[in-house]
Amino acid sequence: MTGEIEFDEMLDVSSLKGVGDVTAKKLREAGINTIQDLMLYSPIYISELTGIPVERAEKLVLQAYERLKDLGLAPPDFASASDIMERRKARKYITTGSHNLDELLKGGVATQAVTEFYGEFGSGKTQICHTLAVNVQLPEEQGGLGKGAIYIDTENTFSPDRITEIAYHRGLDPNEVLKRIIVGTPYNTVILLNMVKKLPELIKKYDVGFIAIDSAVGPFRAEYLGRGRLSERQQLLNRFMHDLVRIAEVYDVAVVITNQVQERPDVIFGDPTKPIGGHVVAHAVTYRIYLKKSKRPNLRIASIIDSPEHPPGEAVFAITEKGVTDPED
Ligand SMILES: Nc1ncnc2c1ncn2[C@@H]1O[C@H](COP(=O)(O)OP(=O)(O)O)[C@@H](O)[C@H]1O
Ligand SMILES: [Mg+2]
């Protein structure tokens, strides 16, 4: 019992050297309560958030990093390839509901990673997010993590009815499943970015293993129109994407973002199969999956794009009343 309390104290920002009551208060007001939270941001950003000078913020981040390594909660700076393999093995996977799609992803949607599903309207992005929000709650032996979900719904397409239906078909109590999905509906990118800052707290409070952001890139495109605002947009998007990557890694959760393809009639030579967001999104996400419709109305084709770990490949899956399944189910 006492061991537990001591451990928690070691993770509190106030346990760091040089953090008195005033600094601790500034950090907490910025939503930084633990040393893990401190690892989410750059010193410059921490300084912006709290008013603490950048050099001090830098020292705090380094101190937090050393502490996490001592506690075995962060990997060492340098590691042998076999140690890296061990850490990767600690990665867990949530089943998508389709064996074909799981196989393409080498086991399902991974924790410690940001997986992007992109494709045109109706390609199945929202259905995948709904199914994963249910499946994460399954016990590990059934392909889940036995954990809850956070669903950030920027397009107002989250459907509790659909969750109920999917849960019912997977033998879960729909009411229990609904209780374990925390839904955020940001009206604009300022609120969206603020919600991302609150994620660490919510992950701990609700024991979350999966986060969906449906859609993630759309709101930035909608608000920052025109060439003149492109660099501003890409800067915000960059911070947003990096926060998501850090959260996935630090808290061992699976993050899924959805994205549209470019379908702007004014860009005649634009590739209609390319996701929006440019290099910023391309470089930040761990895995990119392109979803296409097929001739059969309930079947979809998923392709893995530019993965360092996966050979190029495709998988066919179905969308039914059960959510995502294999075509023959
Ligand atoms: N209850 C359901 N039963 C079967 N298929 C469904 C159900 N709900 C949605 N779908 C299928 O999912 C498709 C919509 O996919 P969706 O994930 O919303 O697309 P996206 O988010 O990529 O625009 C619909 O065209 C339909 O084929
Ligand atoms: Mg959708």
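Student: Which residue in β11 stands opposite Thr 320?

Tutor: Thr 320 stands opposite Gly 323 in β11. This is a predicted model, in which local features need pLDDT of at least 70 and side-chain atom pairs count only at pLDDT 80 or more, whereas totals for chains, interfaces and linings use all residues. Residues are numbered from 1 along each chain as its sequence is written, while chains are lettered from A and ligands numbered from 1 in the order in which they are written.

Student: Does Glu 314 count as buried or exposed, and how do you know?

Tutor: A residue is buried if 20 or more other C-beta atoms lie within 10 Å of its own, exposed if 12 or fewer, and partly exposed in between, with C-beta atoms placed from the backbone. Glu 314 has 12 C-beta neighbours inside 10 Å and therefore counts as exposed.

Student: Which residues does Glu 314 touch beyond those up to four places away in sequence?

Tutor: Contact requires the C-beta atoms of two residues, placed from the backbone, to lie within 7 Å. Glu 314 touches Ile 301, Ala 302 and Ser 303, with residues up to four places away in sequence not counted.

Student: Why is β7 called mostly covered?

Tutor: Six of the six residues of β7 are buried. Ala 254, Val 256 and Thr 258 point one way from the strand, and Val 255, Ile 257 and Asn 259 point the other way.

Student: Which strands does β7 (residues 254-259) pair with, and how many bridges are there?

Tutor: Six bridges join β7 to β3, and these two strands run parallel. Val 114 stands opposite Val 255 in β7, and Phe 117 has Thr 258 as its bridge partner there. Strand β6 (residues 208-214) also pairs with β7 in the parallel sense, over four bridges, and Phe 210 has Ala 254 as its partner.

Student: What makes β3 mostly covered, too?

Tutor: Strand β3 (residues 113-119) has six buried residues among its seven. Five bridges join β3 to strand β8 (residues 287-293), again in a parallel arrangement. Glu 116 has Arg 288 as its bridge partner in β8.

Student: How do you know which residues surround ligand 1, and which are they?

Tutor: A residue is near a molecule if its C-beta atom, placed from the backbone, lies within 6 Å of it. The shell around ligand 1 consists of Gly 119, Phe 121, Gly 122, Ser 123, Gly 124, Lys 125, Thr 126, Gln 127, Asn 298, Ile 319, Thr 320 and Glu 321. Two elements give two or more residues to this shell, α8 (125-135) and β10 (314-320). The largest share, three residues, comes from α8.

Student: How many residues of this shell are nonpolar, polar and charged?

Tutor: Ala, Val, Leu, Ile, Met, Phe, Trp, Tyr, Cys and Pro count as nonpolar, Asp, Glu, Lys and Arg as charged, and the others, Gly among them, as polar. By that scheme the shell around ligand 1 has two nonpolar, eight polar and two charged residues.

Student: How many helices and strands does the protein chain have, and what makes a run of residues count as one?

Tutor: The protein chain has 14 helices and 11 strands.

Student: What makes the protein chain as compact as a globular protein of its length?

Tutor: The globule rule is 2.2 Å times the number of residues to the power 0.38, and the radius of gyration is taken over C-alpha atoms. For 329 residues the rule gives 20 Å, and the radius of gyration of the chain is 20 Å, so the chain is as compact as a globular protein of that length.

Technical notes
Two strands pair if DSSP finds at least two bridges between them.
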